[in-house]
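Here are my notes for you to read with the model open. Take them one at a time and find each residue as you go.

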Amino acid sequence: MSEIDFNGTNLVDGSRRRLGRSAFECGPLAFGCWRFVGMTVDEGQRRIEAALDHGLDLIDTADVYGLDWGGTAFGQAEELLGAVLRQAPSLRERMVLATKGGIQPGVPYDSSTQYLRSAVEASLQRLATDTIDLYQIHRPDPFTHPAELAQTLDVLRREGKIREVGVSNYTVPQLEALAEVLPFDLATSQPELSALALAPIFGGELDVLQQREIRPLAWSPLGGGRLATGDGVREELISVLDELAERESVARTDVALAFVLAHPSKPVAILGTQTIERIETAHACCSVRLDRSDVYRIVEASTGESLP
């Protein structure tokens with residue numbers, strides 16, 4: 001894996017990351033379970049094993065996963081992962097098991113004490129585990145006071161049902177309001193971050209996460225696959241990515257992932273692919289070398305605007 005160069009040459013950091021101030025560490029790439037549905041337990045096990053064997057040892061799922069991408073019900077992705085862990089229990093100790101809750105179909109957001117406690121209990125059962133390593137609030141519920149949410153999470157943590165806590169899709173003020181009343185540190189925050197989604201970089205979110213030592217978990221680092229296919233992406237961006245990919249002798253997607261890993265907040269990029277070959281070769285992005293000229297070329301090609 002590449003090492004970050006503070007002299008300003010290569011910005012891409014492929015080292016392992018600590019999740020906030022917690023004891024958990026993981027690789028720079030994570031395995032996302034949004035599409036982890038519609039397959040047998042054996043097929044699911046092969047994907048989990050491939051991820052763990054190739055350094056994608058943070059396994060990120062959510063209770064709501066299963067309502068799309070071929071799934072037919074709330075909780076299906078967790079159920080499949082739980083079935084894998086029942087069939088091959090030794091895999092549990094090799095992963096950082098992360099799930100999310102707080103979305104209730106038809107509501108849609110609920111971070112109340114009563115609902116979150118029931119959501120955690122249900123996730124534990126589906127996942128066939130006694131504790132969740134990282135529990136993240138999937139979407140903010142503005143109608144739950146941060147102090148109530150903090151109290152709920154603290155009790156669940158002291159009971160051992162969850163070990164560490166993160167948030168997902170929170171604004172900076174929402175994150176800070178919760179962080180100020182939590183009796184422990186947030187470990188992670190999960191924003192959309194890619195060469196197509198630059199708001200966390202230029203809107204201050206990653207700066208706050210660095211200040212608070214909270215690890216960013218970047219969802220959709222390939223723009224939902226658009227950076228692979230080029231669909232709906234500015235031609236200028238595809239051209240720059242392809243040029244850099246040719247220079248580095250890697251795929252376009254590897255350059256796009258390297259762009260995410262180049263930020264000094266050391267994000268973890270969550271990959272949604274369910275293709276075993278792609279899981280096995282994903283770490284090629286860590287060999288990519290990008291300097292400041294490269295990353296700003298990507299930014300300008302993404303926005304269509306020249307930086308001053």
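Is Arg94 buried, partly exposed or exposed? With 38% relative accessibility, Arg94 counts as partly exposed (buried means under 20% relative accessible area, exposed over 50%, partly exposed in between, with a 1.4 Å probe and protein chains only).

1. Some ground rules. This is a predicted model, where local features need pLDDT of at least 70, side-chain atom pairs count only at pLDDT 80 or more, and totals for chains, interfaces and linings use all residues. Residues are numbered from 1 along each chain as its sequence is written, and side-chain values use heavy atoms, with hydrogens and water left out.

2. Back to Arg94. Its partner in a salt bridge is Asp53, with the closest N and O atoms 2.7 Å apart (a salt bridge is a side-chain nitrogen of Lys or Arg within 4 Å of a carboxyl oxygen of Asp or Glu). Asp53 sits in helix H1 and Arg94 in the loop between H2 and S5, so the pair ties together parts that are 41 residues apart in sequence. By the way, helices (H or I, at least four residues) and strands (E, at least two) are DSSP runs, numbered from the N terminus.

3. The whole structure has 23 of them. In one, Asp57 meets Arg16 at 2.9 Å, N to O. That pair links distant parts of the chain: Asp57 is in the loop between helix H1 (41-53) and S4, and Arg16 is in the segment before strand S1 (17-18). Asp57 is buried, at 10% relative accessible area, while Arg16 is partly exposed at 39%.

4. Arg21 is in the loop between S1 and strand S2 (25-26), and Asp185 in the loop between H5 and strand S8 (188-190), so parts 164 residues apart in sequence are tied together. There is a network of salt bridges to look up as well: Arg117, Glu121, Glu159 and Lys161.

5. Two helices side by side. Look at H5 (residues 172-181) and H7 (residues 205-212): their axes come within 10 Å and cross at roughly 20° (axes are lines fitted to C-alpha atoms, for helices over the stretch in contact, and angles run from 0 to 180 degrees between N-to-C directions). They are therefore roughly parallel to each other (under 35 degrees; over 145 is roughly antiparallel, 65 to 115 roughly perpendicular and the rest oblique).

6. A hidden helix. How many residues of H10 are buried? The count is 10 of the 10, so H10 is largely enclosed by the rest of the structure. Among the buried residues are Arg252, Asp254 and Phe259. In the loop between H10 (252-261) and strand S10 (268-271) you'll find Lys266, which is partly exposed at 23%. Lys266 isn't a glycine, yet its phi is positive, near 55°.

7. Other backbone spots. Asn169 is also a non-glycine residue with positive phi, about 65°, and lies in the loop between strand S7 (162-168) and H5. Val107 and Pro108 are joined by a cis peptide bond, with omega about 5°. Pro108 belongs to the loop between strand S5 (96-101) and helix H3 (113-127).

8. One more buried residue. Ala62 has 0% relative accessibility, so it counts as buried. Its place is the loop between strand S4 (58-60) and helix H2 (76-87). Ala62 and Tyr135 are 73 residues apart in sequence but 9.2 Å apart in space, C-alpha to C-alpha.
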